[in-house]
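This explanation leads the reader through selected parts of one structure. Please keep the sequence and the model in view while reading.

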Amino acid sequence: MTSISLPESWRPNLEPLLQLQPLQDLDAFLTAEERGGKLIYPPREHRLSAFELTPLNQVRVVILGQDPYHGPGQAHGLAFSVQHGVKIPPSLVNIYKELETDLGIPRAAHGNLTRWAEQGVLLLNNALTVEAANAGSHQGRGWEQLTDAAVDAVASRPDPTVFVLWGSHAQKKAARVAALRSGRHLVLKAQHPSPLSAYKGFFGSKPFSQANAFLQAHGRGTIDWRP
């Protein structure tokens, strides 16, 4: 796959996959779509932002999303995050509500979660691209090979890590990682923060305080969850 260049810390785990057929096919698909005039989000320069902002050896928390936002100017490579100046999406509004209830952190006026990523929170979507106005359109196109390997890479490390799994999709993705069941990591499961499901178990789940308590107990500091 020639259209992406992996950050140094992730290369040993992920670069071999770029030569495999699913990623080669994905590269050809994205190139053809863009040449055909279709808008793909996020732009190429932001597609690996989760890996660029959160080196493998610094990952302390993993939050899994499904695919990027499909509206103009929203997606910038971090799950659940949007660019500054963009209206905060409903799922992130609910994340902020839970953050306020859990840790007393006032709701931010923006939806950019870069500060989380820079502190070791891997905000990883299952698929790293999407066609404009077509949610889920790049699921099953090959990104899963790469993002599954990224989850494997984190789970295989000896550092105790928190996996925050919101919704059945994220939970299924992480269930394949044997190391998650070894007791070394903390796995937090709850309903997705979407307005359709947040009141069925997301609100009140206290993921932020639980993550910090675990990290502190294992000598990995805490996350400043202010966006």
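At what angle do H4 and helix H8 pack, and how far apart are their axes? In this predicted model, local features need pLDDT of at least 70 and side-chain atom pairs count only at pLDDT 80 or more, while totals for chains, interfaces and linings use all residues. Residues are numbered from 1 along each chain as its sequence is written, and side-chain values use heavy atoms, with hydrogens and water left out.

Two packed helices are described by the angle between their axes and the distance between the axes. H4 and H8 (residues 207-217) pack at an angle of about 60 degrees, with axes 7 Å apart; axes are lines fitted to C-alpha atoms, for helices over the stretch in contact, and angles run from 0 to 180 degrees between N-to-C directions. H4 is therefore oblique to H8, since angles under 35 degrees count as roughly parallel, over 145 as roughly antiparallel, 65 to 115 as roughly perpendicular and the rest as oblique. Ile95, Glu98, Leu99, Asp102 and Leu103 of H4 meet Pro207, Phe208 and Ser209 of H8, where contact means heavy atoms within 4.5 Å.

Threonine 101 also belongs to helix H4. With a relative accessibility of 58%, threonine 101 counts as exposed; the limits are under 20% relative accessible area for buried, over 50% for exposed and partly exposed in between (1.4 Å probe, protein chains only).

The largest nonpolar core has 67 residues, and Trp10, Phe51, Ile63, Trp116 and Trp225 have the most contacts inside it. Such a core is a set of buried Ala, Val, Leu, Ile, Met, Phe, Trp, Tyr and Cys residues joined through side-chain atoms within 4.5 Å. Helix H6 (residues 143-156) gives the most to this core, namely 8 residues. Beyond four places in sequence, tryptophan 116 touches residues including Ile95, Leu99 and Phe208.

Two loop residues complete the picture. Glutamine 74 is found in the loop between strand S2 (61-65) and helix H4 (90-103), and is buried at 18% relative accessible area. Its side chain reaches the backbone nitrogen of glycine 71 at 2.8 Å. Arginine 47 is placed in the loop between strand S1 (40-41) and helix H3 (49-53); its relative accessibility is 5%, so arginine 47 counts as buried. A polar atom of the arginine 47 side chain lies 2.8 Å from the backbone oxygen of proline 42.

Terms used:
Helix = DSSP H or I, 4+ residues; strand = E, 2+ residues; numbered from the N terminus. Polar contact = N/O pair within 3.5 Å; in protein donor to acceptor, adjacent residues only side chain to side chain.
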